Amino acid sequence: MQQQIMGLMNPAISLVFALLFLFAWQRDRSRKHIVFFSIAYSTLAIGFLIFHFVPDPAARGPILTMHLFYTAGCALLAHGAARRVGQTIQPSYFVAVAAISSLLMIASTYGLDQNPRLYIANSAYGLIFILGAHAMGLAARHEPIDRIIFWLFAATAVQFFVRPAATFILEESLSASEYRDSTYYAVMIMVVALFSLLLALALLAAVMLDQIKVDRKMAETDLLTGLRSRRSFEQEALAMLARSKSRNVPVSLIVADLDFFKQVNDIWGHQVGDNAIRAFGKLIGSTIRTTDIAGRIGGEEFCIVVWNCTGTAAARLADRIRLALTETEIEGISDDIHLTASFGVAAFSGCEGYGRLFGQADAAMYTAKEAGRNCVHFEGGEELEDDTKRVRKPFKGAESVTLAA
């Protein structure tokens, strides 16, 4: 009776975590690895129930069924853990381990000794956890929780190989009838429960930390453009200016604003206006470097902090974005009408704060507006403009649409 009660420990742990992972997956179904964890622990729970409560522990059918459930559960855990860090494990590896170990276990059931099938089964599970640890070791992610999961997978693999050998040295050979009353059986339940609990807690912690990162990123990201939100941008800008001052690296700031944007909304509607903002944000994000930061700081206003860049070089970057915008087609706007933007640039001297630097760039942008729009203004540098205005028709409000008609 005591052994039967102990036997409920592992299936109970597995079912609890299967439900917890299922609830976590319901919150964000795009993270497929979470549902693999849930299915894995459900499968392991079934295996544990078969293993502990089948009437005849020597019967080939229950032994093989239990082994396949265990193998599937371990494989799903390894697959989910690898997928979480962007790695894949070939399914053929799992199939090969399951097929070979199943055949060997069937052959082992013809003898009275329980030891061979225990060696075979545990070796199969150990190999699967080695595959999982290897995949996670190849991942680029090396955060603390990732290292903890890696070492838990490695330790679990080791115990699958070491535990049967160490126990059988003390127990010698076991028959199926003696197995459930053996010290090995009691030790196995406790060890498996411990490793199952530790691994489940680590995976659940990883899932929760991942969700926190997703929530934080959503809070820091402008959903329409994919660039940083104003608050996130300003925090990063302040940090970059501090680094610029301490390292004596030039930094410049660009402010950009779509021209005649109110009339875009009035003529074509807010959906088309959103399309224009989205396209402009995507253009900015694809043009700047990974060392730069960009954000949407207002309705149609954007800001870029350019690292290791003088004011003149930043003005040329702004002009490349300006020219690219005139080539960009906006869904909902006629192909013969091109949106434009005005740009202001300010170079960081190392003395002013972010607010003053932004004010300089914003004032330069309004100077560009007053100069006729569709241009870049950098105080202290020359205004950048080329002949694209002569060969393309920039949108100039309702008059532009009338002329196009």
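Which side chain of opposite charge is nearest to Glu352, and how far away is it?

Analyst: The nearest one is Arg356, at 6.0 Å. Charge here is counted simply: Lys and Arg are positive, Asp and Glu negative, with His and the chain ends not counted. A quick caveat before going on: this is a predicted model, so local features need pLDDT of at least 70 and side-chain atom pairs count only at pLDDT 80 or more, while totals for chains, interfaces and linings use all residues. Residues are numbered from 1 along each chain as its sequence is written, and side-chain values use heavy atoms, leaving out hydrogens and water.

Back to Glu352. It is buried and yet has no salt bridge. Buried means under 20% relative accessible area, exposed means over 50%, and partly exposed is what lies in between, with a 1.4 Å probe and protein chains only. A salt bridge needs a side-chain nitrogen of Lys or Arg within 4 Å of a carboxyl oxygen of Asp or Glu. Glu352 sits in the loop between strand E4 (341–347) and helix H14 (354–370); helices (H or I, at least four residues) and strands (E, at least two) are DSSP runs numbered from the N terminus.

What Glu352 does have is a polar contact, side chain to side chain, with Ser349 at 2.3 Å. That term covers N or O pairs within 3.5 Å; within protein, one atom must be able to donate a hydrogen and the other to accept it, and residues adjacent in sequence count only if both atoms are side-chain atoms. Setting aside neighbours within four places in sequence, Glu352 is in contact (heavy atoms within 4.5 Å) with Ala347, Leu357 and Gln360.

Now for the charges that do pair up. Side chains of opposite charge can pair when their charged atoms come close. The protein has 12 salt bridges by the rule above. One of them joins Arg31 and Asp28 at 3.5 Å, N to O, and both partners are buried. Another joins Lys213 and Glu143 at 2.3 Å, N to O. Lys213 is in helix H9 (residues 183–220) and Glu143 is in the loop between helix H6 (115–138) and helix H7 (144–171), so this pair ties together parts that are 70 residues apart in sequence. Lys213 is partly exposed, at 36% relative accessible area, and Glu143 is also partly exposed, at 30%.

Asp292 and Arg289 make a salt bridge too, at 2.8 Å, N to O. Here Asp292 counts as buried at 6% relative accessibility, whereas Arg289 is partly exposed at 41%.

There's also a network of salt bridges linking Arg84, Asp146 and Asp210. Asp210 is found in helix H9 and is buried, with a relative accessible area of 9%. Its side chain makes a polar contact with the side chain of Arg84 at 2.8 Å. Leaving out residues up to four places away in sequence, Asp210 touches Arg31, His33, Arg84 and Arg141.

Beyond four places in sequence, Leu76 touches Phe36, Ile39, Ala40 and Thr43. The C-alpha atoms of Leu76 and Tyr41 are 8.7 Å apart, although 35 residues separate them along the chain.

Most residues other than glycine have a negative phi. Phe260, in the loop between strand E1 (251–258) and helix H11 (261–268), has a positive phi near 55°. Phe260 is partly exposed, at 23%. Arg373, in the loop between H14 and strand E5 (376–378), has a phi near 65°. Arg373 counts as partly exposed at 28% relative accessibility.

Zooming out, the secondary structure comes to 16 helices and 5 strands. Buried residues make up 50% of the 405 residues. Of the contacts between residues at least 6 apart in sequence, 74% join residues at least 24 apart.
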